Amino acid sequence: APGKTDFVEELKDPRSHIAEAYSSVVAALRYSSDKGMPKTIFLTSTRPNEGKSSSALALAQNVARRGSRVLLIDADLRKPAFKAS
């Protein structure tokens, strides 16, 4: 399985299969209501290592690429998934 670094590198290329998959999710979210893209998206799960942080990062990058301002907050203060760059 690819590591976090591999995932982040894949996301840098908007044509990668991972970035395109999340782009499809963002497109679906844009049409999920009559008001367009939700202002807030909250990702959670019942167990660690299920992809919450990776999915949050990928969605944030895709939304930002479309010209929207994005604030991504990793609320796990004890063990954040990604370092700011």
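Modeller: A residue is termed buried under 20% relative accessible area, exposed over 50%, and partly exposed in between (1.4 Å probe, protein chains only). By that rule, 21% of the 85 residues of the chain count as buried. The model is predicted: local features need pLDDT of at least 70 and side-chain atom pairs count only at pLDDT 80 or more, while totals for chains, interfaces and linings use all residues. Residues are numbered from 1 along each chain as its sequence is written, and side-chain values use heavy atoms, with hydrogens and water left out.

Biologist: How do you know that the radius of gyration agrees with a compact globule?

Modeller: For 85 residues, a compact globule would have a radius of gyration near 12 Å, and the chain has 13 Å, so the two agree. The rule is 2.2 Å times the number of residues to the power 0.38, over C-alpha atoms. Along its principal axes, the C-alpha trace spans about 35 × 25 × 25 Å.

Biologist: What puts the buried residues of helix 2 on the same side?

Modeller: The buried residues of helix 2 are Ile18, Ala19, Tyr22 and Val26. They cover an arc of only 90° around the axis, and therefore lie on the same side of helix 2; the arc is that of the directions from the axis to the C-beta atoms. The face turned away from this buried side carries the exposed residues His17 and Ala28.

Biologist: Which residues form the largest nonpolar core?

Modeller: A nonpolar core is a set of buried Ala, Val, Leu, Ile, Met, Phe, Trp, Tyr and Cys residues joined through side-chain atoms within 4.5 Å. The largest one has nine residues: Phe7, Leu11, Ile18, Tyr22, Val26, Leu57, Ala58, Leu59 and Val63.

Biologist: Which residues does Phe7 touch?

Modeller: Not counting residues up to four places away in sequence, Phe7 touches Ile18, Tyr22, Ser54 and Ala58, where contact means heavy atoms within 4.5 Å.

Biologist: Why is Ser16 called buried?

Modeller: Ser16 has a relative accessible area of 8%, and is therefore buried. Ser16 lies in the loop between helix 1 and helix 2 and touches Glu10 and Leu11, residues up to four places away in sequence not being counted.

Biologist: Why is Phe42 called exposed?

Modeller: Phe42 has a relative accessible area of 70%, so it is exposed. Phe42 lies in the loop between helix 2 and helix 3. The C-alpha atoms of Phe42 and Ala56, 14 residues apart along the chain, are separated by 8.4 Å.

Biologist: What is the phi of Asn49?

Modeller: Asn49 has a positive phi of about 65° although it is not a glycine. Asn49 is found in the loop between helix 2 and helix 3 and, at 74% relative accessibility, counts as exposed.

Methods: Helix = DSSP H or I, 4+ residues; strand = E, 2+ residues; numbered from the N terminus.
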